[in-house]
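Please look over the fold shown below before reading the notes that follow.

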Amino acid sequence: MFQTSVITSGSKGNCVFVKNGHTQIVIDAGISFKYFSKCLTDLGLDCLKLDGIFISHEHSDHVGGAGILHRKTAAPIYISHPTFIYSEKKIGKINQEPFFFETGNYIQVGSLIIHPFNSPHDAIDSCNFLIHPVDDDKRQLLIATDMGFAHNLLKVNLKKATTIVLESNHDVKMLRDGPYEWYLKQRILSKSGHLSNEQATNLVEEVLGDQHERIILAHLSEINNTPDLAYSQMKNMLDTMQAKLDLLVSSQYENTPLFQV
C-alpha cells in the first residue's frame, strides 16, 4: 500500500514519511532520531527499516537530523551535489557516499519513483518532490514546501497528485504586523521565500480537479500564522468550489496518521 505521514512540519524541523509495500523513505530529516523513532513506533512501523533519506535543500530544519538518521538506519542519503556541498557540515559523519541526484531527473528506490523538481526558495538547489509507485502512476504524492511562488511546473505536478502536502506558511497581515525584523519579513514575502495562506489557497483553486483526494497544509509559521487561519481559508474555498476533499493541517509537534495516497 502507498502511504504517507507528515512526521513534523515547521521551522523547528521537517520530515515526511512515505511507504509503498516494503519500501520506506523520508523526505527531509530535520528532526532528532528519538522523535522520529517515537512517531514511527506510534504508527506501528519499524523506525530502523528505511531505504532512503531525501533532502530538499540545505536549511537546518530540513537536513539537521539526516546524519544521525543515516547512521542509525544505514539508509543512504539522496541529495543534489550542490545541496550536499552546502549541507555537509550540518549532516555530519556519514558511512557511505550519498547518492547524488540531478534536480529534474527521476529516481527509483525499491517500489517508488521519486521526481525532485525545482522549488523557488533561497537555497542553492531547492526542490520539491512528486512520488508514485513503480506500477501505478495514477496515485501520486506531491510534497511542496519552501517556495516563494507557484511556477508552472509545480502547477503541472499538482494536477497529477492525489494527495498534496502543501506549504501554507503565513498570514500576510500577521507577518507584516508581527515582531520579525523587516529584512526577514521581506525574505519570507519574496519570490524565494514562503507561500502564504492566500497563495496556497489560490494555487489549489487554480488546479483543483476530481483526482485530488487530500490536502495536508504544511510548514506553518508559529509566529505569523495559526492552524485555524490556514485551515479556514483553504476550507472556505473548497466549500465554495463544492470540492469534497480531506483537508488537515500538519503540526510541528505531532505526526499525522498514516494515510493512503
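E7 and strand E8 (residues 112-118) pair in the antiparallel sense over three bridges, where strands are DSSP runs of E of at least two residues, helices are runs of H or I of at least four residues, both numbered from the N terminus, and two strands pair if DSSP finds at least two bridges between them. This is a predicted model, in which local features need pLDDT of at least 70 and side-chain atom pairs count only at pLDDT 80 or more, while totals for chains, interfaces and linings use all residues. Residues are numbered from 1 along each chain as its sequence is written, and side-chain values use heavy atoms, with hydrogens and water left out.

**Sheet with E7 and E8**
- Valine 109 has leucine 112 of E8 as its bridge partner.
- The open sheet has seven strands in the order E7-E8-E9-E10-E11-E12-E13, with mixed pairing, and its edge strands, E7 (107-109) and E13 (246-249), each pair on one side only.
- Helix H9 (residues 227-240) lies across strand E11 (163-167), strand E12 (214-218) and E13, and runs at about 165 degrees to E13; axes are lines fitted to C-alpha atoms, for helices over the stretch in contact (heavy atoms within 4.5 Å), and angles run from 0 to 180 degrees between N-to-C directions.

**Sheet with E5 and E6**
- Strand E5 (residues 77-79) pairs with E6 in the parallel sense over two bridges, and tyrosine 78 has phenylalanine 99 of E6 as its bridge partner.

**Cysteines**
- A search of the whole structure finds zero disulfides, a disulfide being a pair of cysteine sulfur atoms within 2.5 Å.
- Cysteine 39 counts as buried at 2% relative accessibility, where buried means under 20% relative accessible area (1.4 Å probe, protein chains only).
- For cysteine 47, the closest cysteine sulfur is that of cysteine 39, at 11 Å, which is too far for a bond; cysteine 47 is also buried, at 13%.

Technical notes. Buried means under 20% relative accessible area, exposed over 50%, partly exposed in between (1.4 Å probe, protein chains only).
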